[in-house]
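Hi everyone, thanks for coming.

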Amino acid sequence: MSGMSRKVGLVTGAGSGIGRATALEFARSGAAVAVLDIDESTAAETTEMIRKDGGEALSVRVDIADEHSVRAAVERTLAAYGGLDFAVNNAGLASHHRQLDRMPLDEFERVVHVNLAGTFLCMKYELPLLEGGGAIVNIASNGGLYAIPTAPAYVAAKHGIVGLTKVAAVDYAPRDIRVNAVCPGPTRTPGLERVAAGTDMLAVQEAITPLGRLATPQEAAAAAVWLCSDAASYVTGIALSVDGGRRA
Ligand SMILES: NC(=O)c1ccc[n+]([C@@H]2O[C@H](COP(=O)([O-])OP(=O)(O)OC[C@H]3O[C@@H](n4cnc5c(N)ncnc54)[C@H](O)[C@@H]3O)[C@@H](O)[C@H]2O)c1
């Protein structure tokens, strides 16, 4: 991809699924990548994959739900690479499927805290580093745009991420920082396979998707990488569906 060489990127949740695919794609396009995850061993695996491919990467443990941890991880990236050009805030977790009146408050708060406050914290510490302009992509979900039945906490958090994205896009446009969201539909990742284990969820999702299949992690990653690239230089404040036609 043009315009990505020698840039520095940061990806959260880069030890698995969409985050790993995004980190690999950034590295292939010539960027140095900070591979952030709460799971040090999977982050190290991603870093190893990038290095074997001839790329530049550094793994950093982060818990996006913990402000000190986020600040330290961003500082570590700055110390290693001297700056930041783009960030993909992808780390997140799904919730148990329950209707609202059966959801304990602590589960609601945990899912909203990690997904929404976690994304907020990442943006809070990334934005000051994007000194010469840059781009942030937040990985929301199709659940950031419409209901996923029995997922009230996840859907509330993902709608919140779309809202945060729009406000930041407007507030930071004068500094030439673009902020967008990607809203994947069901994507075949270790995270989704865990949620779907023992159910017919994946087959049902395929059946109701116009393209007739789930996304690959690479297909969601490609949208994030494009939004960070110079090819998307006039695109900010959008929530881009990558959902096989579901929203249509
Ligand atoms: N897979 C899908 O179908 C799908 C659809 C829509 C949106 N998404 C979103 O895409 C993102 C990635 O999903 P995935 O399916 O690749 O998930 P995944 O579970 O395969 O990977 C998520 C990664 O995030 C890390 N993580 C979790 N909590 C963290 C924390 N507190 N701090 C730092 N890292 C943490 C995990 O260790 C893991 O490596 C999530 O935000 C998810 O909500 C996924």
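Let me start with residue classes: Ala, Val, Leu, Ile, Met, Phe, Trp, Tyr, Cys and Pro count as nonpolar, Asp, Glu, Lys and Arg as charged, and the others, Gly among them, as polar. What you see is a predicted model, where local features need pLDDT of at least 70 and side-chain atom pairs count only at pLDDT 80 or more, while totals for chains, interfaces and linings use all residues. Residues are numbered from 1 along each chain as its sequence is written, and side-chain values use heavy atoms, with hydrogens and water left out.

Now, pockets. On a 1 Å grid over the protein atoms alone, a pocket is an open set of points where a 1.4 Å probe fits, with protein on both sides within 12 Å along at least five of seven lines, and lining residues have an atom within 4 Å of a point. Volume is the space filled by probe spheres set on the points, which are joined across faces, edges and corners.

The largest pocket comes to about 1,400 Å³. It is lined by 47 residues, and Gly92, Leu93, Ala94, Tyr154 and Gly191 are the closest to its centre. By class, that lining holds 22 nonpolar, 18 polar and 7 charged residues. Helices here are DSSP runs of H or I with at least four residues, numbered from the N terminus. Helix α6 supplies the largest share of the lining, 5 residues.

So what takes up the space of the largest pocket? The ligand does, in the sense that more than half of its atoms lie within 2 Å of the grid points. Around the ligand are 28 residues, each with a heavy atom within 4 Å of it. Among the closest are Ser16, Asp37 and Tyr154. Again α6 gives the most to this shell, with 4 residues.

For polar contacts, meaning N or O pairs within 3.5 Å, Tyr154 has a polar side-chain atom 2.7 Å from a ligand oxygen. Asp63 places a polar side-chain atom 2.9 Å from a ligand nitrogen. A polar backbone atom of Thr187 is 2.8 Å from an oxygen of the ligand.

Finally, the second largest pocket has about 180 Å³ of space. Its lining has 13 residues, including Lys7 and Asp230.

Terms used: A polar contact is a pair of N or O atoms within 3.5 Å; within protein, one must be able to donate a hydrogen and the other to accept it, and residues adjacent in sequence count only if both atoms are side-chain atoms. Helices (H or I, at least four residues) and strands (E, at least two) are DSSP runs, numbered from the N terminus.
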